[in-house]
Amino acid sequence: MSAILPTPASSNGANGASRPIFPPALVRFWRWWMAELKPVLGPLLARYWVDRSASVDIAVDASGDIGVFASPGRPAPRDVRLVLARDSVLQKLVQYPAVVEENLEEVIATDLDRQTPFKAADLFHTQRVVRRFDGADGVSRIEVELTVAPKRAIEAAMAQVRRAGSSVMAIGVAGMDASVDLLPRAMLPPRRLTSVQRLNVALASLLVLLIIGAIAIPIWQRRAEVLRLTPIVEKARSEAEATRRIDAELQRLAAEHQLVTTRKYQSPTVLEIIEELSRLSPDTTWLQSLEMKAPQGTGKPRQTRELLLAGEAASASKMIELLEQSPLLQNTTQRAQTTRGAQPNTERFQIASELRPRALPEPRALDAPAPTTLPGAGPSASPAIPATAPTAA
């Protein structure tokens, strides 16, 4: 029975079925894209990144003999690619569910005993996916080309190569393309770079360092500038705070100093109020009481005074209309119900009105007094004495 390993790209649902994390269309596109890039990028990497371009193909017979490929007049090549005869390898097509493709190498390693007449420990193997299709049961499947070769002959050839001072870079099969490589990745020699590749790596490292420096140096300079300016900013902030406190204290002292003047200019005087009421009131109006007081419980400023008028007039509503036209009064209302007055054709009224606050005049700078000289402090100019004409005797 073949073993099917769980794939990390799947998760178990409520019914135990395996569901892929990525959409199948995206997975198929990724696989197609990588398959198209592999024949293009593979040779480039082998040529420019890993120094395998100078490897020499050495034929290996069924017993593992590679003959003499090095002599005193012809030194052994540094890299060798062992080429097995076609009849010394076994190839077959096997099918697996598509879900095991991500772990295909492990699945093949555990399934070699069933797919071949040899034990897995005695074989070198490689595999590649040649086809993807949907089975008759609706399950996606892959068709894998499996290539195996006995270890004994290959290990004997590899031992001869090592004794000659060379390295085995790949194990291919005659008549097949270079993509068939039986050498396990664990047995690959360490990666070697040519002098040009080392120079390219050094230049790339220098470029990365320059990019990091171009990003880090301005940040470091800004940090140093911030550290340098921080004490100046703190000092300026403390000075500004002290200035603000001095300004607030100055405003408070100025308000206390100008309290009487402010009260005087913001509200009209009693004489102005009486004169305004006399001007507005018709001749048929008798004012019996006039009271001026600050409003109580209204939350209004104390300097806003309120007028309470009581008397008799030909029309109380006309009286309210006249008071509203005054530039000194506002919010005129009737405090009590209008009743008939003591005089014929008159109405008794009780009216309340507020005084309009007036804007303070613009501040004006005072002229500085002329300096005076104290007695004995120095010479001073004496006033000129007008000359008088002599009189005739």
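Surface patches are made of residues with over 30% relative accessible area and no salt bridge, nonpolar side chains (Val, Leu, Ile, Met, Phe, Trp, Tyr) being joined within 5 Å and like charges within 9 Å. This is a predicted model, in which local features need pLDDT of at least 70 and side-chain atom pairs count only at pLDDT 80 or more, while totals for chains, interfaces and linings use all residues. Residues are numbered from 1 along each chain as its sequence is written, and side-chain values use heavy atoms, with hydrogens and water left out.

**Nonpolar patch**
- Phe22, Leu26, Phe29, Trp30, Trp32, Trp33 and Met34 make a nonpolar surface patch of about 780 Å² (Shrake-Rupley areas, 1.4 Å probe; a salt bridge is a Lys or Arg side-chain nitrogen within 4 Å of an Asp or Glu carboxyl oxygen).
- Leu26 belongs to helix H1 (residues 24-49) (helices are DSSP runs of H or I with at least four residues, strands runs of E with at least two).
- With a relative accessible area of 45%, Leu26 is partly exposed (between buried, under 20%, and exposed, over 50%).

**Open sheet**
- Three strands, in the order E5-E7-E6, form an open sheet with antiparallel pairing (strands pair if DSSP finds at least two bridges between them).
- Strands E5 (90-97) and E6 (123-134) stand at the edges with a single partner strand each, so one side of each is left without a neighbour in the sheet.
- E5 is joined to E7 (residues 140-150) by eight bridges, and Gln91 has Thr147 in E7 as its bridge partner.

**Helices across the sheet**
- Helix H2 (residues 104-115) lies across E5, E6 and E7, at about 110 degrees to E6 (contact: heavy atoms within 4.5 Å; angles run from 0 to 180 degrees between N-to-C directions of axes fitted to C-alpha atoms, for helices over the stretch in contact).
- Helix H3 (residues 151-163) lies across E6 and E7, at about 60 degrees to E7.

Notes:
Buried means under 20% relative accessible area, exposed over 50%, partly exposed in between (1.4 Å probe, protein chains only).
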